[in-house]
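Subject: Structure for your review

Dear colleague,

Please find below the structure that I am handing over to you. I would be grateful if you would look through it alongside the notes that come after it.

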Amino acid sequence: VQPGRLALITFGPCEGKMCTIVDIVDQKHVVVDGPESITGVRRHMMPLKRLSLTDSRLNVRRGIREKGLKKALAKNETMKKWSETSWAKKLAAKKSRAEMNDFDRFKLMVAKKKRAQAVKKSLKKK
């Protein structure tokens, strides 16, 4: 755990959002910041139990202000790099599945059936 480490919030009102550790309060608590304009997370204190740390890290000083944090995130394209990781892709897929309505699920089922049929047909030819 160090300032600049990107983390995923796993519990609470900001669940599922990315944040950056800005300062360390004690062994079990840190101050996190989104920044709010980018990730929707305000600067607040949070227990480490509610965070999942990622491998991404910004090289910033402890207690950096929101303006400097925005610049560092933009400079390193950190959020773009995060969205390309398999972890972020899994979260996005999970979110899109949860937002499906009944007709979307039906269309998905039909598409899966057609794909399975095409695979069977191509394997049968050999």
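Predicted model: local features only at pLDDT ≥ 70, side-chain atom pairs only at ≥ 80, totals over all residues.

Salt bridges

The structure contains four salt bridges, and three of them are described here. In one of them, Asp23 pairs with Arg62, with 2.5 Å between the closest N and O atoms. Asp23 belongs to strand S2 (residues 18–24) and Arg62 to the loop between strand S5 (51–57) and H2, so this pair ties together parts that are 39 residues apart in sequence. Asp23 is partly exposed, at 22% relative accessibility, whereas Arg62 is exposed, at 56%.

Another salt bridge joins the side chains of Asp33 and Arg43, at 3.2 Å from N to O. Here Asp33 is part of strand S3 (residues 29–33), while Arg43 sits in the loop between helix H1 (36–39) and strand S4 (44–47); the pair therefore ties together parts that are ten residues apart in sequence. Asp33 counts as buried because its relative accessibility is 2%, and buried means under 20%. Arg43, at 39%, counts as partly exposed.

Lys107 and Asp104 also form a salt bridge, their closest N and O atoms being 3.7 Å apart. Both residues are in helix H5, and because they are three residues apart, about one helical turn separates them. Lys107 is partly exposed, with a relative accessible area of 43%, and Asp104 is partly exposed as well, with 29%.

The largest pocket

The largest pocket has a volume of about 370 Å³. It is lined by 14 residues, of which Leu8, Gly16, Trp82, Leu91 and Ala92 are the closest to its centre. Strand S1 (5–9), helix H3 (78–83) and helix H4 (86–98) each give two or more residues to the lining, and H4 provides the largest share, with five residues. By class, eight lining residues are nonpolar, three are polar and three are charged.

A surface patch

Phe103, Phe106 and Met109 make up a nonpolar patch on the surface, with about 320 Å² of accessible area together. Met109 is located in helix H5 (residues 102–125) and is partly exposed, at 38% relative accessibility.

Two residue pairs

Lys70, in helix H2 (residues 66–76), is 34 residues from Glu36 in sequence and 9.7 Å from Glu36 in space, C-alpha to C-alpha. Trp87, in helix H4, is 33 residues from Thr54 in sequence, with 9.4 Å between their C-alpha atoms.

Yours sincerely

Notes:
Residues numbered from 1 in each chain as written. Heavy atoms only, no water. 1 Å grid on protein atoms, 1.4 Å probe; cavity = no way out; pocket = protein on both sides within 12 Å on 5 of 7 lines; lining within 4 Å. Points joined across faces, edges and corners; volume = space filled by probe spheres on them. Helix = DSSP H or I, 4+ residues; strand = E, 2+ residues; numbered from the N terminus. Nonpolar A, V, L, I, M, F, W, Y, C, P; charged D, E, K, R; others polar. Patch = residues over 30% accessible without salt bridge, like charges linked within 9 Å, V, L, I, M, F, W, Y side chains within 5 Å. Areas by Shrake-Rupley, 256 points an atom, 1.4 Å probe, with all protein chains shown as cover. Buried < 20%, exposed > 50% of the residue type's maximum accessible area, 1.4 Å probe, protein only.
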